Amino acid sequence: MGLSPPAPLLLGLLLLQGVVRPLWGDLVFIPSVIRMSGPAVSASLVGGTEDVTVSLALLQDAEGLLPVPSCGVLSNETGDWSLTVTPRVDSLEVTVRLKRDLQWCASNETDSFSESPCIVQTLLVSASHNSSCLAHLLIQVEIYANSSLAHNASGVKSFAPSQTEIRTRKRMEGQTGENVTVIPNQVYQPLGPCPCNLTAGACDVRCCCDQECSSTLTELFREACFTGVFGGDVNPAFDRLCSAPPAPGVPDWSPLLCVQSPLANSPFLGYFHRGSASSRQRTSVDVYLHTDVKDVSDFGYKQGDPIMTVDKAYFTIPQVSLAGQCLHSAPVAFLQNFDVRCATHLEVYQERDDIVNVKIKNGAIGGIVTPKVIYEEATDLDKFITSTETLLSNGSAPRNVNVEEHYLFRWNNNTITEINVKILRAEINAHHKGIISQRFTVKFLSYNSGNEKESSGNPGYQLSKPIRALNTNRMNNVTTLHLWQSAGRGLCTSATFKPILFGENALSGCLLEVGLHENCTQLRENAVELLGSLIQATHVATRGNSDYRDLGDGWLEIIRADTPDTGADPSVSSMNGFCPDIPAQLSIRILISDAGAVEGITQQEILGVETRFSSVSWQFQCGLTCEEKPDLAPLSASVQFIKIPAQLPRPLTRFQINFTEYDCNRNEVCWPQLLYPVTQYYQGEPCSQCVAKGLLLVSFFILAVFLSDPWTRMCKAWS
Amino acid sequence: MALYELYSHPAERGYRAGLCSKAALFLLLAAALTYIPPLLVAFRSHGFWLKRSSYEEQPTVHFQHQVLLVALLGSERDGFLAWSTFPAFNRLQGDHLRVPLVSTREEDRNQDGKMDVLHFKLELPLQSTEHVVAVQLILTFSYQLHRMSTFVMQSMAFLQSSFAVPGSQLYVNGDLRLQQKQPLHYGGLDVRYNVSVINGTSPFACDYDLTHIIAAYQARNVTTILTDANPIWLVGRAAEAPFVINAVIRYPAEVISYLPGFWEMIKFAWIQYVSILLIFLWVFERIKRFVFQNQVVTTVPVTAMPQGELYKEHLS
């Protein structure tokens, strides 16, 4: 869609008119030719503007030739265009605006990213006085549905969001574990190969390196591409380069002092890299109580973007913020999981809008995803509602409260494909009083991942991820080792399990109720059973991603030292209220070590797991008289992670321990720091500067020595 | 008439020997023993290199007019009121948003161009049934140091106070003190921490979680804290009266530690080195004189002569 050959000539003529005419006070449009790619353009009409009528006409573009402008072709039919004339001092401002919404362009096409222009028209604005033609303004309209100018609402202004986009995509890929890509440091690698690509997902006009521009689109502005680094020439031949052609104005001797360097070692590397984020200084008092919701979801979500509903509002789920308070209208960020618990008084409990009616933008233009909701009824109300007052009347109407809401988002690239919501409801009395504890979880899963168990690292374990374990004898779903999480009084019967997390030493316990006449054998069996319930697994995974189905894939058997003997010992157990050798303490020791690094990140693996019971003697604690009230026997379990160096260090000799002359960590005046300012220990200045200053100092000394007495005497002696 | 020695001058005497003679070797050894041991003595007796130094400066502090307030209400269930100067934060609060009246005044008492004290007053309107029992307040400041390195950061003062009895007013009078975990540089521009304390543009709840804000802030190596061990709760609020936070925050002069520059270290090392070197020079001068006068090493003594005669002798 270039201008046809006569057009440049015509444009030139018009331009010439525009430049020359104001000299003798005629009426003229400035500028006289406009190429329009947005929804509105404006120009000024200067000269004698009294009694001038301005009219707009749509030119029929016959055979790609522009007709010579004349007032004869004026027609009143302006179609989609509106013309407004605003008087200014000594001039008129003429604004031509498209009446239709540009959204029409997008919705008109079946595929939303059309490559041919949405509107191609030629407009002629004429200024006439008493039906005599005085000035013309020619407007060439080419508006694209996916032109970046059309999406002026997108608000993408910061530098190169396409890079962020790349990063997000890479991160997404990294999460699925398919294709891990290292993003190079922008200071050393020209990661932004196309700095003029400012709008994500759309073609930027005049940016010829923009991958989003198709060839036909690029053809339009091929002759007006941005040049230089901004235009995508990120490794230009720089000054003083020997291979570069001599620039005009350089001195004759410049070939003698030129630089031999590969182009990759360009001074433009990191040209657009901003080292640290620095916010603007704000000194004025800005208090806004309302803020506009920014919607950038039309080009797909990036990690951390808020999820939007169709009504241009945030999709909200209660979340904990401030000092532990729950905020009910907190937006949800894309690819950010959370699991929060909120405690609310039933009196102030507010029913949330029904999730079924919410329509959420899926990230593609016009795409909507509706959550699929499954309701379940909570069985045990006491777990969720703590009543402070007893119910007075049962007659009033019941109401439903949501006690747990689990949101599962499926994502694909930067869109949301599916939302599954599981809501646990409880039916309570309308006048029920008390504190309701609610739980809200949000989880983002890849669209193609099943509900397999989450791995604890890839390949090594990550800190604070559960240990993977497996029971080969019983094919039940034992997947980790546990510790107790005691609740209430701390009795073993009420204690729940908590997984053992990699790298975190832990200690917990619970209390076992024992009567005065308790059989010691029974007590031992109870204790062993309770402690054994923590370590039901037989094997532990070496790595964080060992396969549960393949025992050969790095599974270690748990070493069980001292399996306790629960057999009766009649000679001792005959004594009431005293039992020796109760296996009351379980210690789990896990040996870990560094097993190399993947992409610079140290991977840790488990080398062995040992469980050991230690026994204590239990005695019934009596006061003055022994009552028939059960006593408490404490059981405890502990986990200890022991890091083993890959290579055992040699033990230090006594000489090495005492000799600290060269060990600057143990000796303030160690010899390596003798010339402290020129060593690496000195951090106050860059090393190069220190060396330079040091050399300067040395040169002063040498000069002093040369000029000093013994040297001059020696010179004399020689001569 | 008794005669007094009114003036004296030493007569110079030369000792001649070959450049590869014992005498030359002795001189070289003496020179080495004169100049190197003072360095070792000065270094090994600690404190030779000035590794850290400090200076005093009153910082240029400005209140940035960013406030984040959370007030916990006593009687009402789940009650809290929140407000901040960040619109995204306020949008999250829903019913709990309450806009206070904030008046601030910074004062330069000694007319030196640097602010010395901030008077901050916040009046939170309350209904007659509401009672404030705890307050969390974040104020942000722009903090600048200029004398050595130009250090610019955005810092905060965090105030948390609670009382068992509902209060009518909270009075705080404290200093905004600098806390350094590492020394500053002796020169240059340092804008590492010129980033906002609170991400006020984020719409997400977790960015306004006080634990997150504090965690990110404490990860900095240079921070400011509000030191007031005992904020005063005043009780006895009238039914419709607002809850008032009255804060007087002073910006005191700080002693700032920094890493000295190269020349500063060399200067202090030189002072120590030369003072020890003088002793060694005197001692070895005596030793050398003794050795040459008594011909411990073989040399040809000559009396020092004017230059012309030296040449003549050489030519002959």
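## Basis of the model

Axes here are lines fitted to C-alpha atoms, for helices over the stretch in contact, and angles run from 0 to 180 degrees between N-to-C directions. Helices (H or I, at least four residues) and strands (E, at least two) are DSSP runs, numbered from the N terminus.

This is a predicted model, in which local features need pLDDT of at least 70 and side-chain atom pairs count only at pLDDT 80 or more, while totals for chains, interfaces and linings use all residues. Residues are numbered from 1 along each chain as its sequence is written, chains are lettered from A and ligands numbered from 1 in the order in which they are written, and side-chain values use heavy atoms, with hydrogens and water left out.

Helix H8 of chain A (residues 687-707) packs with helix H4 of chain B (residues 262-293) at an angle of about 40°, the axes being 10 Å apart. H8(A) is therefore oblique to H4(B); angles under 35 degrees count as roughly parallel, over 145 as roughly antiparallel, 65 to 115 as roughly perpendicular and the rest as oblique. The crossing of H8(A) and H4(B) is right-handed, meaning that the near helix is turned clockwise from the far one by less than a right angle.

On the H8(A) side, A:Cys690, A:Lys693, A:Gly694, A:Leu696, A:Leu697 and A:Phe701 are in contact (heavy atoms within 4.5 Å). Their partners in H4(B) are B:Phe262, B:Trp263, B:Ile266 and B:Trp270. By class, this contact of H8(A) with H4(B) holds eight nonpolar, one polar and one charged residues. Ala, Val, Leu, Ile, Met, Phe, Trp, Tyr, Cys and Pro count as nonpolar, Asp, Glu, Lys and Arg as charged, and the others, Gly among them, as polar.

## Helix packing within chain B

H4(B) also packs with H1(B), at an angle of about 155° and with the axes 8 Å apart. This makes H1(B) roughly antiparallel to H4(B). Their crossing is right-handed. Residues making the contact include B:Phe26, B:Leu27, B:Leu33 and B:Tyr35 of H1(B), and B:Tyr273, B:Ile276, B:Phe280 and B:Phe284 of H4(B). By class, the contact of H1(B) with H4(B) has 20 nonpolar, two polar and one charged residues.

## Salt bridges

Over all chains, the structure holds 19 salt bridges (a side-chain nitrogen of Lys or Arg within 4 Å of a carboxyl oxygen of Asp or Glu). One of them pairs B:Lys51 with A:Glu668 (3.3 Å, N to O). B:Lys51 lies in the loop between helix H1 (22-44) and strand S2 (53-57) of chain B, and A:Glu668 in the loop between helix H7 (654-658) and H8 of chain A, so the pair joins two chains. B:Lys51 is partly exposed at 23% relative accessibility, and A:Glu668 is partly exposed at 43%. Buried means under 20% relative accessible area, exposed over 50%, and partly exposed in between (1.4 Å probe, protein chains only).

Within chain B, B:Glu107 forms a salt bridge with B:Arg105, their closest N and O atoms being 3.2 Å apart. B:Glu107 is partly exposed at 23%, as is B:Arg105 at 47%. B:Glu123 and B:Lys121 form a salt bridge too (3.7 Å, N to O). In chain A, salt bridges that share partners join A:Arg589, A:Glu610 and A:Arg612 into one network.

## Surroundings of A:Arg489

A:Arg489 sits in the loop between strand S20 (482-485) and strand S21 (496-499) of chain A. With a relative accessible area of 57%, A:Arg489 is exposed. Apart from its neighbours within four places in sequence, A:Arg489 is in contact with A:Leu511, A:Glu513 and A:Leu632. A:Leu511 is 22 residues from A:Arg489 along the chain, and their C-alpha atoms are separated by 8.4 Å.
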